[in-house]
Amino acid sequence: MVPSEQVVIYEGTYSNPGYGEFTLCTAQSTSTACVAILSNFSAVSPLDPLILYGSWSPARIWGSHIRLRPVPSHEDTGCAQEDVSHFDMELETVFPRGYGRDTSPFIYREPLSPFVRVQCVSRTGHTAGCGLMNAGEYDETWKGRSETTVRGRADAWFDKMGL
């Protein structure tokens, strides 16, 4: 599990040529992009210091926003040279001002949608990137891949920008 004081290393913008970009923020983030993201989430629920909050740019069909919840992992990632943190990604669409005439804030999630496992890699206190490990529904083919890095095993790899 990622301690709250260490989750801050995952703040930032991540990019993949096919999937676009997403920005991750902690509950304490103060950047302009993060203030807007956190405002959307705080309209629908209290912010948790252990969760990373984010949004896609451009918005994706499966959701405009994401939450990364740290999860303990006792599985061998096969990536001994990397410091790997494990998260469950919740894909959701946030409506901070409601929809139509109903101005009550709410979140929409696809029913029965599984969590997407995410593994983020940090080296010497900096995040290199994050990999979506089961981008397909209930897909765990990444576990059988012989590559020795998270990037090599991921279904989709997102580089952290600005390193």
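This is a predicted model: local features need pLDDT of at least 70, side-chain atom pairs count only at pLDDT 80 or more; totals for chains, interfaces and linings use all residues.
Local features were taken at pLDDT of at least 70 and side-chain atom pairs at pLDDT 80 or more, while totals for chains, interfaces and linings use all residues. Residues are numbered from 1 along each chain as its sequence is written, and side-chain values use heavy atoms, with hydrogens and water left out.

The whole structure was searched for disulfides, and two were found. A disulfide was taken as a pair of cysteine sulfur atoms within 2.5 Å. Such a link is a covalent bond between the sulfur atoms of two cysteines. With bonded cysteines counted along the chain, the pattern is 1-2, 3-4. C25 is joined to C34, at an S to S distance of 2.1 Å. The torsion about this S-S bond is about -85°, so the disulfide of C25 and C34 is left-handed. C25 and C34 are both buried. Buried means under 20% relative accessible area, exposed over 50%, and partly exposed in between (1.4 Å probe, protein chains only).

The other disulfide joins C120 to C130, with S to S 2.1 Å. It links distant parts of the chain: C120 sits in strand β7 (residues 116–123) and C130 in strand β8 (residues 126–132), ten residues apart. Strands (E, at least two residues) and helices (H or I, at least four) are DSSP runs, numbered from the N terminus. For C120 and C130 the S-S torsion is about 105°, so this disulfide is right-handed. C120 is buried, at a relative accessible area of 0%. C130 is buried too, at 1%.

Two polar residues were examined next. T23 belongs to strand β2 (residues 20–25). T23 is buried, with a relative accessible area of 17%. Its side chain makes a polar contact with the side chain of T13, at 3.1 Å. A polar contact is a pair of N or O atoms within 3.5 Å; within protein, one must be able to donate a hydrogen and the other to accept it, and residues adjacent in sequence count only if both atoms are side-chain atoms. Not counting residues up to four places away in sequence, T23 touches G12, T13, C34, I37, Y53, G54 and S55. Contact here means heavy atoms within 4.5 Å.

H65 lies in strand β4 (residues 63–70). H65 is buried, at 7% relative accessibility. The H65 side chain makes polar contacts with the side chain of N40 at 3.3 Å and with the side chain of S64 at 2.6 Å. Beyond four places in sequence, the contacts of H65 include N40, F41, W56, E90 and V94.

The largest nonpolar core holds 19 residues, of which M89 and V118 touch the most other members. Strands β2, β3 (52–60), β4, β5 (83–95), β7, β8 and β9 (156–160) each supply at least two residues of this core. A nonpolar core is a set of buried Ala, Val, Leu, Ile, Met, Phe, Trp, Tyr and Cys residues joined through side-chain atoms within 4.5 Å. Residues up to four places away in sequence aside, M89 touches I66, R67, L68, F115, V116, V118 and L132. A second, separate core has eight residues, including C34, I37, F41 and V94.

Nine aromatic pairs were found across the whole structure. Y14 and F22 form a stacked pair, 5.3 Å centre to centre with 20° between the planes. Rings of Phe, Tyr and Trp (its six-membered ring) pair if their centres lie within 6.5 Å; planes under 30 degrees apart count as stacked, over 60 as edge-to-face and the rest as tilted. Y14 is buried, at 0% relative accessible area, and F22 is buried at 2%. The ring centres of Y19 and F158 are 5.8 Å apart and their planes stand at 55°, so this pair is tilted. Y19 lies in the loop between β1 and β2 and F158 in strand β9, so the pair ties together parts 139 residues apart in sequence. Y19 is partly exposed, at 26% relative accessible area, whereas F158 is buried, at 0%. One aromatic cluster is formed by Y14, Y19, F22, W56 and F158.

I9 is partly exposed, with a relative accessible area of 24%. The C-alpha atoms of I9 and H126 are separated by 6.3 Å, although these residues are 117 residues apart along the chain.
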